[in-house]
Amino acid sequence: GPVNVNTADASTLAKELEGIGPAKAEAIVEYRQKNGPFRTPEDLLKVQGIGDRVLEQNRANLRFSGAGQAPAAGKAAPAAPKPAARR
């Protein structure tokens, strides 16, 4: 079934993903720990040993929740509450 590459441990990755054995699964976990969460399927190509073929075999089963989104540049801060009206 679908596997969240940002939360799954190496044994789950190896079991659930095609073409991913224990060594590649461990490389995915190590990359995630050093570089932060994966945001897109293509981010997995940055892991040594993961190529286009493996990515395409697994694309439908990959999930990326927990990736966290950086705030958009130039986005305004929330408005401060208005002071209470004087009587």
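Tutor: Start with a definition: buried means under 20% relative accessible area, exposed means over 50%, and partly exposed is in between (1.4 Å probe, protein chains only). Thr12 has a relative accessible area of 28%, so Thr12 is called partly exposed. This is a predicted model, in which local features need pLDDT of at least 70 and side-chain atom pairs count only at pLDDT 80 or more, while totals for chains, interfaces and linings use all residues. Residues are numbered from 1 along each chain as its sequence is written, and side-chain values use heavy atoms, with hydrogens and water left out.

Student: What makes up the protein, counted in helices and strands?

Tutor: Helices (H or I, at least four residues) and strands (E, at least two) are DSSP runs, numbered from the N terminus. The protein has three helices and two strands, in the order β-α-α-α-β from the N terminus on. Thr12, for one, is placed in helix α1.

Student: How do you know what span to expect of helix α2?

Tutor: The expected span of a helix is 1.5 Å times one less than its number of residues. Helix α2 (residues 22-35) has 14 residues, for which 20 Å is expected, and its first and last C-alpha are 20 Å apart, close to that value.

Student: Which residues of α2 are buried, and why are they said to be on the same side?

Tutor: The buried ones are Ala25, Ile28, Val29 and Arg32. They cover an arc of only 90° around the axis, which puts them on the same side of α2. The arc is that of the directions from the helix axis to the C-beta atoms. These buried residues pack against α1 (10-16), where contact means heavy atoms within 4.5 Å.

Student: Why is Ala23 called exposed?

Tutor: Ala23 has 63% relative accessibility, and the cut-off for exposed is over 50%, so Ala23 counts as exposed. Ala23 lies in helix α2, and together with Lys34 it is carried on the face turned away from the buried side.

Student: What comes after α2?

Tutor: Gly36 follows α2, and its phi is positive, near 90°. Pro37 lies in the loop between α2 and α3. With a relative accessible area of 33%, Pro37 is partly exposed. Pro37 is 30 residues from Thr7 in sequence, yet their C-alpha atoms are 8.8 Å apart.

Student: What makes Tyr31 and Phe38 a stacked pair?

Tutor: A search of the whole structure finds one aromatic pair. Tyr31 and Phe38 form it, at 5.5 Å centre to centre and with 20° between the planes. Rings of Phe, Tyr and Trp (its six-membered ring) pair if their centres lie within 6.5 Å; planes under 30 degrees apart count as stacked, over 60 as edge-to-face and the rest as tilted. The distance and the angle meet these limits, so the pair is stacked. Phe38 is buried, with a relative accessible area of 1%, whereas Tyr31 at 22% counts as partly exposed.

Student: What makes a set of residues a nonpolar core?

Tutor: A nonpolar core is a set of buried Ala, Val, Leu, Ile, Met, Phe, Trp, Tyr and Cys residues joined through side-chain atoms within 4.5 Å. The largest one has 18 residues, of which Leu13, Ile28 and Leu44 touch the most other members. The elements giving two or more residues to this core are α1, α2 and α3, and the largest share, three residues, comes from α2. Leaving out residues up to four places away in sequence, Leu44 touches Val5, Ile28, Phe38, Ile50, Leu55 and Leu62.

Student: Why does Asn58 count as buried?

Tutor: Asn58 has 3% relative accessibility, and the limit for buried is under 20%, so Asn58 is buried. Asn58 is found in helix α3 (residues 52-58). Beyond residues up to four places away in sequence, Asn58 touches Leu17 and Glu18.

Student: How confident is the predictor?

Tutor: pLDDT is the predictor's confidence in each residue, from 0 to 100. The protein averages a pLDDT of 85, and 76% of the residues score at least 70. Over residues 69-78 the pLDDT is below 50, and this stretch has one contact in the model beyond near neighbours in sequence. Where pLDDT is low, the predicted coordinates should not be read in detail.
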